Amino acid sequence: MSATLGLEALDRTVYQTMLDRPALGVTEIAAELTVAPDAIRACLDRLFALQLVQMSFEAPSRFTVVDPVLGVKRLLDQQHDELLRRQHQVASSHQALVRILAGSGGPAQRADGVEQLAGTDAVRRRLERLTLEAQHEILTFMAETQPAAALEAARQGDTLALQRGVAIRTVALDGIRDDPATLDYTRALVAQGGQFRTVAALPTALVVVDRSHVLVPMDPADSGKGALQLSAPGMIAPLLALFERVWGGAAPLCGDAAEDRHVPSEQERALLTLLAQGHTDESAAVQLHISARTARRIMASLNERLGARSRFEAGLRAARLGWV
């Protein structure tokens, strides 16, 4: 295993010797192992760089070994950091290549900021490319259930985007909660840091990438006809506002990380139930043996967590989440 951690055979032997016989100096270790002192010093330099040995507090001119468990952890941490650095380098190179290819071989942008993409295949190709080029965020209205192949392609693209630090927020119809394939996709998305919510109805299918490119259906009644890619800021701004308004009223999908942080306590559930039955703050407080002030404070906290502007809206969202 130590070979995989970047240690040479002599390094491992020197480390073990120092661990077994900490009083030995460079000359004694060289004699013990029948190698030149300079070779031992080179080993110590490598071990020091790997943080497996450190300067002795008792004798500053000597090295002392680091605890083996701590040493291995440091090596693993270093390798993990190096792996992340290489992944970022590869991702950056990949992004640069995509931008070069997009600039040299992509379709010309129309002066009016509208481009027609005819057919499902053309739309999927453009979605894949926009996802690869995304730098900041991807916003989606999933207005209909997607086939398994499309979900798998989206999952792969989303995974790469999330690894680059791209934020992903998706709103789908409540009906997807009964579709196993879509649920698998959404849970994988959420597990990697994406966000997913549902609503009863969506105005249209929509994909917004980096707030600079938008895909909308050419015909909302028939997605197979293709899509329009919009790039004019005047077209994008109202669609962004629409997304944020719908997102604010949507419910987190059951089991995702965002919802788990907001699961109500038994007292909060009881208060919601009483209020849903028509109780006032005062009468609900009596039932729960708390003060009316406490009941109002709890309700204010629930409204904030649900993103509700009124008790009626809070009740609707709480019911959609199964809280009452």
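Q: Which residues of helix 3 do Val26, Ile29, Ala30 and Leu33 in helix 2 meet?
A: This is a predicted model, in which local features need pLDDT of at least 70 and side-chain atom pairs count only at pLDDT 80 or more, while totals for chains, interfaces and linings use all residues. Residues are numbered from 1 along each chain as its sequence is written, and side-chain values use heavy atoms, with hydrogens and water left out. Helices (H or I, at least four residues) and strands (E, at least two) are DSSP runs numbered from the N terminus, and contact means heavy atoms within 4.5 Å. The partners that these four residues of helix 2 meet in helix 3 are Pro37, Ile40, Arg41 and Leu44.

Q: At what angle do helix 2 and helix 3 pack?
A: Two packed helices are described by the angle between their axes and by the distance between those axes. The axes are lines fitted to C-alpha atoms, for helices over the stretch in contact, and angles run from 0 to 180 degrees between N-to-C directions. For helix 2 (residues 26-33) and helix 3 (residues 37-49), the axes are 9 Å apart and the angle is about 110°.

Q: Is helix 2 roughly parallel or roughly perpendicular to helix 3?
A: Angles under 35 degrees count as roughly parallel, over 145 as roughly antiparallel, 65 to 115 as roughly perpendicular, and the rest as oblique. The two helices pack at about 110°, which makes the orientation of helix 2 relative to helix 3 roughly perpendicular.

Q: Where is the place of Thr34?
A: Thr34 has a phi near 55°, a positive value in a residue other than glycine. Thr34 is also exposed, with a relative accessible area of 70%, where buried means under 20%, exposed over 50% and partly exposed in between (1.4 Å probe, protein chains only). Its place in the chain is the loop between helix 2 and helix 3.

Q: How many aromatic pairs does the count come to?
A: Rings of Phe, Tyr and Trp (its six-membered ring) pair if their centres lie within 6.5 Å, and planes under 30 degrees apart count as stacked, over 60 as edge-to-face and the rest as tilted. By this rule the number of aromatic pairs is two.

Q: How many residues apart in sequence are the parts that the pair of Phe141 and Phe243 ties together?
A: Phe141 and Phe243 form a stacked pair, at 5.2 Å from centre to centre and with 25° between the planes. Phe141 belongs to strand 4 (residues 137-142) and Phe243 to helix 8 (residues 233-249), so the pair ties together parts whose separation in sequence is 102 residues.

Q: What is the relative accessible area of Phe243?
A: Phe141, the partner of Phe243 in the stacked pair, is buried at a relative accessible area of 2%. Phe243 is buried too, and its relative accessible area is 0%.

Q: At what angle are the planes of the rings of Phe243 and Trp247?
A: Phe243 is buried. The centres of the Phe243 and Trp247 rings are 6.0 Å apart, and the pair is stacked because the planes are at 15°.

Q: Which residues form one aromatic cluster?
A: Phe243 and Trp247 both lie in helix 8, four residues apart, which is about one turn of the helix. Trp247 counts as buried at 8% relative accessibility. The residues that make up the one cluster are Phe141, Phe243 and Trp247.

Q: Which residue lies over the face of Trp247?
A: A charge sits over a ring if NZ of Lys or CZ of Arg is within 6 Å of the ring centre and within 35 degrees of the ring normal. At 5.2 Å from the ring centre of Trp247, the residue over the face is Arg169.

Q: What is the relative accessibility of Arg169?
A: Arg169 has its place in strand 5 (residues 167-173). Not counting residues up to four places away in sequence, Arg169 touches several residues, including Glu137, Arg211, Phe243 and Trp247. Arg169 counts as buried, and its relative accessibility is 13%.

Q: Where is the place of Arg211?
A: Arg211 is one of the residues that Arg169 touches, and Arg211 counts as partly exposed at 42% relative accessibility. Although Arg211 is not a glycine, it has a positive phi of about 55°. Its place is in the loop between strand 7 (206-209) and strand 8 (213-217).
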